[in-house]
Each structure stands twice: as C-alpha cells, then as structure tokens.
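This report is meant to be read beside the sequence and the three-dimensional structure. Please keep both in view while following the sections below.

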Amino acid sequence: MINLWTFIIEIAGFNDYNYKEISMICQFRVFMGGMFMEMRTKRILMSIFGVLVCGISVGFFKRAAFGVDPFQSLMSGLDALLPISFGTLYVIVNLLLLLFSFAADRHYIGLATFINLFLLGYIVQFSYDFLLNCFPSLHLTGRVLCLVIGIVMLCLASSFYFVADLGVSTYDAVSLIIANTWKVGKFRYCRIISDVACVLLGTVLYLLSGGNIAGLTAMIGIGTIITAFFMGPLIEYFNVHVARPFLYGR
C-alpha cells in the first residue's frame, strides 16, 4: 500500500516537503490499519477461546457433582426432563433467548453471542462425557479437584470472553436488558433474581423428571454458591493479569 501511495504522489507532482509529509501519513494509516486488524483478530480468538474453555469448565463442574452455575441448573433440569441431547437442547433454549434479545434490545448481541450459542452446549456435553469415561468413579478428593479446576477455568474463560467485548451470552443479555433497557432495577439485583429463578425452575423440572433429592446436589451445591457470589474477584484478577495484557500487548 505504501508503494502505491508513493507512486500516486510522484505522478501528482508534489514537492519534496509534501512528498515526505504525505508519505508519513500513508505509513501511519497503514500502521493503524494493521493495529486495528490485529486487535480485531485477537478479540475473535479470545471469544472463541473463552467459549471453548467455558464449555470444558462446565464439564468439570458437572463431573464434580457439587452444583453448577444457575443457568446450567436450569439446563440440567430441562436435560433431565426432555429426551433431547444436551448440545441440541442448549441451542434451542438460547435461540429462544436470542429472539427475546433481538426484540427487546439487540445492542448486546454480537459475534461472541453466536459462538456461544452454537458451540457451548456441544462442548459441555463432549467434555462431561469425556471426563465420565476417563474417571467413571471419583472419590471426594477427585471431585474437589474437578471443582477447583472448573472454577479456575470458568473464571479465566469469562475474563477472555468479557474483555474481548464482542457480545454477551443470551442469558447475560436478559439481565442487562431488564436492568439497562427496561430500567427495572440495578443489574446486580436483576441478575440475582434471574439466577434464583433459574435454580428454582431447574429444581422443579428435575423433580418432575423423576429425579430424587439426593441427585439435586449435582445441580445445586457449593459450586452454585461459588459461581453466584465469589467469581468476581478471580475474574478481575485474570482481567488485569492475563486477558487485557494479551489484548493490548502489555
């Protein structure tokens, strides 16, 4: 591109001063364009990485059987009730939430939303089945280890996903729309209400499917509490020390 601009400048007959000035401008534009493309590529890669690792982390959560995050509690209840594979069920539910977001406020929908929608459910299903086949019987220590790995991976994935800023998941969009578009209340309160609703509905669906009370610990437990109340500081740590330095090259 610089050679093309140089040729145009010479043909146009600019003097030496203007030639140097315009050449520097052209080089700056090329540099900034390259920076923009590199940043865009990084954001896309971060979004894909975030979704992949998030799906794997949920597989660890499910294998630990100490409870999953609130939305996955709802999905687990639906999975127990409906004879549909988890990956396909995840896509169907998120398509319904996507329609809601498009109707209410499409501002929160982006590339990462669709990556999450079409990939995450199948990654969760694959990772859980893989862990179950590799470790068909886990004692308490193994379950705790799976929970710790799942928490760290989920926070790291969330950090990359949020810093990339290419859209949010359809579930995250619901609380954002209720809080920021409809002005019902502050986001943290709207999120707490939606999380509680997911846990309660997931519990009811699981029991309707014939599940027993003991099996609820795999859906609702210490893992659910940790993800609901204690993920923030760890995500911020990864934001500062991993995700932002990766994106901005520091």
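## Two loop residues with positive phi

Ala-65 is placed in the loop between H2 and H3; helices (H or I, at least four residues) and strands (E, at least two) are DSSP runs, numbered from the N terminus. Although Ala-65 is not a glycine, its phi is positive, at about 60°. Asp-165, in the loop between H6 and H7, has a positive phi of about 55° and is likewise not a glycine. Most residues other than glycine have a negative phi, and most peptide bonds are trans.

Asp-165 is exposed, as its relative accessible area is 59%. Buried means under 20% relative accessible area, exposed over 50%, and partly exposed in between, with a 1.4 Å probe and protein chains only.

## Basis of the model and overall make-up

The model is predicted: local features need pLDDT of at least 70, and side-chain atom pairs count only at pLDDT 80 or more, while totals for chains, interfaces and linings use all residues. Residues are numbered from 1 along each chain as its sequence is written, and side-chain values use heavy atoms, with hydrogens and water left out.

The protein chain has ten helices and zero strands, so that its elements read α-α-α-α-α-α-α-α-α-α from the N terminus on. Of its 250 residues, 44% count as buried. Contact means heavy atoms within 4.5 Å. Among contacts in the protein chain between residues at least 6 apart in sequence, 76% join residues at least 24 apart.

## Packing of H3 against H8

Helix H3 (residues 70–81) packs with helix H8 (residues 187–208) at an angle of about 20°, and their axes are 7 Å apart. Axes are lines fitted to C-alpha atoms, for helices over the stretch in contact, and angles run from 0 to 180 degrees between N-to-C directions. This angle makes H3 roughly parallel to H8; angles under 35 degrees count as roughly parallel, over 145 as roughly antiparallel, 65 to 115 as roughly perpendicular and the rest as oblique. The crossing of H3 and H8 is left-handed, a term for a near helix turned anticlockwise from the far one by less than a right angle, with clockwise giving right-handed.

On the H3 side, the residues making the contact include Pro-70, Phe-71, Leu-74 and Leu-78. On the H8 side, Asp-195, Cys-198, Val-199 and Leu-205 are among them. By class, the residues of this contact are twelve nonpolar, three polar and one charged. Ala, Val, Leu, Ile, Met, Phe, Trp, Tyr, Cys and Pro count as nonpolar, Asp, Glu, Lys and Arg as charged, and the others, Gly among them, as polar.

## Packing of H4 against H7

H4 and H7 pack with their axes 9 Å apart, at an angle of about 30°. That angle makes H4 roughly parallel to H7. Their crossing is left-handed.

From H4, the contact is made by Asn-94, Leu-97, Leu-98, Phe-100, Ser-101 and Ala-104. From H7, Thr-170, Tyr-171, Ala-173, Val-174, Ile-177 and Thr-181 take part. The contact of H4 with H7 has eight nonpolar, four polar and no charged residues.

## Nonpolar cores

A nonpolar core is a set of buried Ala, Val, Leu, Ile, Met, Phe, Trp, Tyr and Cys residues joined through side-chain atoms within 4.5 Å. In the largest such core, which has 41 residues, Phe-71, Met-75, Leu-78 and Val-93 touch the most other members. At least two residues of this core come from each of helix H2 (16–64), H3, helix H4 (86–104), helix H5 (111–134), helix H6 (140–164), helix H7 (170–181), H8 and helix H10 (231–248). H6 gives the most to this core, with eight residues.

Leaving aside neighbours within four places in sequence, Met-75 is in contact with Phe-86, Leu-89, Tyr-90 and Val-93.

Ser-76, found in helix H3, is buried, with a relative accessible area of 13%. Not counting residues up to four places away in sequence, Ser-76 touches Lys-62, Val-68 and Met-219. Asn-239, placed in helix H10, is also buried, with a relative accessible area of 7%. Its contacts, leaving aside neighbours within four places in sequence, are with Ser-159, Val-163, Arg-244 and Pro-245.

Ile-226 belongs to helix H9 (residues 222–229). Ile-226 and Val-68 are 158 residues apart in sequence and 9.2 Å apart in space, C-alpha to C-alpha. Leaving aside its neighbours within four places in sequence, Ile-226 is in contact with Ile-151 and Met-231.
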